[in-house]
Amino acid sequence: MKTEQQTFKKINATKQMKEIMELHFRELDEAAKTKSKKIAWCTSVGPAELLRAAGFLVFFPENHGAMLGASRMATDLIPVANALGYSPDICSYLTSDIGSYIKGQSPISKAYPGISGPPRPDVLVYNTNQCRDVQDWYNFYAREFNIPCIGIQTHRGVGDVTKAHVDSISAQIKALIPTLEEVSGKKLDYDEFKHVVGLSRQCTDLWKEVLQIASNVPSPLTFFDGAIQMGPAVILRGEQRAVDFYKLLLAELKLRVKDKVAAIDGEQFRIYWEGMPIWGKLRELSTQFAELSACVLASTYCSSWVFTALDPDDPFDSMARAYTELVIVRDENYKERYFEAEIERYKIDGMIFHDAKTCPNNSNNRYGMPERLSKKYNMPMLVINGDLNDLRCYSEEQARTNIEAYIEQLSEKKGR
Amino acid sequence: MNSVFGGVDVGASATKVALIDAGRRIIASDVRRTGVDFEGCAREAMDAALSSCGLSCADVTRIFSTGYGRHNVSFAQATRTEIACHSRAAYHFFPRKITVVDVGGQDNKIIHIALNGRRENFKMNRKCAAGTGAFLEEVAQRMDVPIAQVDALARQASHVVRMGSYCTVFTKTEILAHLRAGEKVPDIVAGLVDSVVKRIIEMDPLSGEIVASGGVVAHIPVLAEMLSRHLGRPVHILPEAQLAGAFGAALLAMETPVPL
């Protein structure tokens with residue numbers, strides 16, 4: 001195993017990614033200040049396509065949550081929400097975001113000078129496919145701003161996605177339209193809706209190809225790269241600039257494959273990350289894995305914005321299907337089959353489950369999954385206790401020892 | 001003399017050093033409280049061990065370090081995790097398929113070792129220190145019981161007081177209630193040790209032959225006996241259980257081909 005510092009491979013397209021992300025935040029800020037366009041806040045896998053077609057600019061509080069985590073502002077802001085009665089056991093995106101609002105401190109203002117923070121919304125739109133917490137999160141702001149809060153109640157524990165599931169979600173998406181039209185003052189442009197869904201589908205297909213390029217040996221991409229590069233797939237899907245960006249990123253990664261450029265020099269271990277990123281520790285974790293010649297190359301999390309069911313010719317039903325096919329809402333059997341396919345696709349040596357204290361829906365270790373997969377593949381599994389944003393729930397030294405011992409074990413297994 | 005290998009285990013509570021000869025026998029050792037200066041403590045422990053057998057650092061072929069402070073031992077040539085070292089030490093004494101239970105100062109580890117000595121899987125306790133040596137240290141202090149007397153007191157118990165919480169802080173409060181209710185100190189102390197056993201049992205099914213390791217069972221062997229009663233089968237205590245990490249590190253130092 002290496003002990004020297006691994007040199008990180010810079011992805012050149014990151015520059016373009018940062019530019020379009022900044023443009024997005026500046027457009028939102030401008031619209032909020034001038035009232036030139038209405039603003040909708042939307043959950044990360046909410047009906048963003050419908051909102052864009054209805055004439056809204058869309059802001060994603062979960063993205064803000066991730067920024068609060070990555071900037072490590074979250075841990076100081078979460079207690080502010082705790083004091084208001086929002087438990088430290090619920091979603092730490094929610095608690096850090098509400099803490100951010102109360103204190104008037106946002107990483108957006110640090111990243112983009114001149115912007116004070118999230119743009120004030122005109123409507124709040126959720127889909128509970130991520131969790132029930134999102135509706136409580138948005139209802140906090142509905143009370144603060146006295147604006148409509150509407151949403152979709154997902155199905156959960158879904159095995160096969162049936163017509164009944166699709167019909168029910170599709171009907172709920174359609175039921176959002178009157179409120180959206182009332183707030184925006186415009187009728188929904190159905191042709192624009194189809195166009196946006198088409199762009200979203202293009203974005204998703206490219207993003208999927210970006211992620212699956214990690215199946216190459218050595219992998220040209222890490223999970224940690226993916227957690228950064230996924231920004232446009234989340235907040236700019238349905239826009240041409242997201243499509244253009246992923247074409248650029250994909251071309252760069254294809255060149256890496258052609259030239260056999262590994263994301264991690266001397267890749268010896270191929271690791272799957274299951275669960276949320278620990279946003280405030282991405283740098284430390286990526287460095288540790290690199291030093292151990294381990295490439296964490298795939299994750300369920302980054303694949304959560306792959307919506308291959310989207311069909312511009314059938315926008316309502318295809319959105320309903322796409323947003324119900326997500327791993328997060330599926331039953332345990334489906335998830336197990338999904339992980340099996342991923343282990344095989346990416347030629348995985350080991351799998352790390354992040355048990356996120358405040359995110360049970362994204363912690364898939366809690367019902368015996370690691371044990372079942374370990375038995376099936378004769379592959380050791382590792383569970384790390386932590387959290388997406390609340391670093392009070394994370395013991396760094398213990399996690400580091402766990403990871404080091406896990407790679408030692410994989411090394412023994414490979415006879416190294 | 002050039003066939004001496006060393007292991008340094010800088011643990012959360014204690015720092016341990018083991019020096020072994022070519023026959024894999026411990027020829028010198030040292031145990032002392034880690035304190036706050038990991039490097040200084042490791043050096044003092046190594047110097048003491050060397051001095052006790054009339055050697056100097058130059059006489060030691062290779063030294064590996066382990067434990068939480070393993071990266072602070074500048075005189076070690078390489079590091080290995082505690083999991084690797086306890087596994088190696090346990091397999092040295094029990095060269096067969098075993099399950100190692102290491103109860104440490106700050107964390108517990110359960111390691112499944114295959115017939116050929118390879119680690120099959122391991123688990124560490126969740127980040128909370130409930131069920132570890134730190135728990136016993138904290139609650140024993142609350143009862144004014146020196147940690148050295150915990151084993152003897154637990155053996156005097158007429159029955160085991162059941163502890164309801166796994167939280168160290170809540171347990172301290174619970175002890176007050178038990179004292180008020182007239183429970184005897186030995187019975188409460190036995191309950192505290194039993195609480196640690198329960199935390200271990202809920203980590204893993206603990207299949208096969210069990211070998212207990214680490215400083216806690218070295219000083220409180222009744223813990224292994226209570227674990228044995230829960231499991232309904234014997235639990236071995238590793239010889240020199242507190243030195244297991246350091247001994248394993250020394251064995252790995254001996255067996256690792258050079259260059260590193």
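In the contact of chain B with chain A, the side chains of B:R70 and A:E404 form a salt bridge (a side-chain nitrogen of Lys or Arg within 4 Å of a carboxyl oxygen of Asp or Glu), with an N to O distance of 2.7 Å. The model is predicted, so that local features need pLDDT of at least 70 and side-chain atom pairs count only at pLDDT 80 or more, whereas totals for chains, interfaces and linings use all residues. Residues are numbered from 1 along each chain as its sequence is written, chains are lettered from A and ligands numbered from 1 in the order in which they are written, and side-chain values use heavy atoms, with hydrogens and water left out.

Between chain B and chain A, four salt bridges are counted, together with seven residue pairs in polar contact, both residues being at pLDDT 80 or more; a polar contact is a pair of N or O atoms within 3.5 Å, where within protein one must be able to donate a hydrogen and the other to accept it, and residues adjacent in sequence count only if both atoms are side-chain atoms. On the side of chain B that touches chain A, helix 2 (82-93) and strand 8 (119-124) of chain B each supply at least two residues, and strand 8 of chain B gives the most, with six residues (helices, H or I of at least four residues, and strands, E of at least two, are DSSP runs numbered from the N terminus). The contact, defined by heavy atoms within 4.5 Å, takes 20 residues from chain B and 22 residues from chain A. About 1,800 Å² is buried between the two chains, 43% of it on carbon and sulfur atoms, buried area being the accessible area (1.4 Å probe) that two parts lose on being put together, summed over both.

Chain A itself is divided into domain 1 (14-187) and domain 2 (193-413), with bounds that come from an automatic or database domain assignment. The centres of these domains, taken over C-alpha atoms, are separated by 22 Å, and 57 residues of domain 1 are in contact with 49 residues of domain 2. The area buried between the two domains is about 4,500 Å², of which carbon and sulfur atoms give 58%. Five salt bridges are counted between domain 1 and domain 2 of chain A, and A:E239 forms a salt bridge with A:R52, in which the closest N and O atoms are 3.0 Å apart. The largest share of the side of domain 1 that touches domain 2, nine residues, comes from helix 1 of chain A.
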